[in-house]
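Subject: Structure for you to look at

Hello,

Here is the structure I said I would pass on. Please open it first, then read the notes below it.

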Amino acid sequence: VEKLLQQDVDFDKPGLAQFYCVHCAKHFIDGEAFKTHVKGKPHKRRLHALKTEPYTVEESLRAAGMGSYIKPAKRKMETLVPDAVMKGESLADVKKRAKLDSESMDDKTGVEHDDAKENQISGTATEDEEGDVRM
């Protein structure tokens with residue numbers, strides 16, 4: 001579960017895989033969408049369904065008359081919040097963190113990026129408030 005809450009940045013998933021609901025198995029675009037989802041009816045329904053223990057073979061045998069009935073146990077379920085939501089990161093913050101992580105990985109592997117050369121070749125490039133590069 002901790003692995004799902006602290007996923008690496010994945011550019012192919014919504015919200016760069018940083019805003020994930022473990023109970024519903026859904027990715028969200030940002031922290032606000034995640035918070036809205038947690039307050040919503042489908043998430044609450046899913047949590048309620050996860051509270052009861054799943055049926056077992058022993059329980060089915062007891063229901064068929066082969067043993068004494070034991071009431072299904074209840075589990076305590078709380079919404080697990082991803083690290084990005086707990087820190088209050090926006091999508092722009094996640095993109096900046098991903099960029100810094102990739103640059104630090106490149107430094108370790110010896111790969112050099114010359115942004116100035118890339119900007120000269122492609123024209124002028126600027127970065128907006130969300131961390132996207134505009135050409």
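How close do the axes of H2 and H3 come, and at what angle do they cross? Before the answer, some background. This is a predicted model.

Overall picture

The protein chain holds 7 helices and 4 strands. Their order along the sequence is α-β-β-α-α-α-α-α-α-β-β. The chain has 135 residues, and 24% of them count as buried. Its exposed surface comes to about 10,100 Å², with 55% of that supplied by carbon and sulfur atoms. Among contacts with a separation of 6 or more, 43% are between residues 24 or more positions apart.

Helix H2

Helix H2 covers residues 31-39, and its buried residues include Gly 31, Phe 34 and His 37. These residues lie on the same side of H2, because they cover an arc of only 120° around the axis. The general rule is that an α-helix has 3.6 residues a turn, so residues three or four places apart point the same way. Exposed residues sit on the face of H2 turned away from the buried side: Glu 32, Thr 36 and Lys 39. The cover over the buried residues of H2 includes strand S1 (20-21), helix H3 (41-51) and helix H5 (83-87).

H2 against H3

Two packed helices are described by the angle between their axes and the distance between the axes. Now the answer to the opening question: the axes of H2 and H3 come within 5 Å, and they cross at roughly 60°. Where the two helices touch, His 37, Val 38 and Lys 39 of H2 meet Lys 41, His 43 and Lys 44 of H3. Sorted by class, this contact has 1 nonpolar, 2 polar and 3 charged residues.

Asp 10

Another place to look is Asp 10, in the loop between helix H1 (2-5) and S1. Is Asp 10 buried, exposed or partly exposed? Its relative accessibility is 24%, so Asp 10 counts as partly exposed. Apart from neighbours within four places in sequence, Asp 10 is in contact with Leu 16 and Ala 17. Ala 98 is 88 residues from Asp 10 along the chain, yet the C-alpha atoms of the two are separated by 9.0 Å.

Regards

How values were computed. Residues numbered from 1 in each chain as written. Predicted model: local features only at pLDDT ≥ 70, side-chain atom pairs only at ≥ 80, totals over all residues. Heavy atoms only, no water. Buried < 20%, exposed > 50% of the residue type's maximum accessible area, 1.4 Å probe, protein only. Contact = heavy atoms within 4.5 Å. Areas by Shrake-Rupley, 256 points an atom, 1.4 Å probe, with all protein chains shown as cover. Arc of directions from axis to C-beta. Axes fitted to C-alpha atoms, helices over the stretch in contact; angles between N-to-C directions. Nonpolar A, V, L, I, M, F, W, Y, C, P; charged D, E, K, R; others polar.
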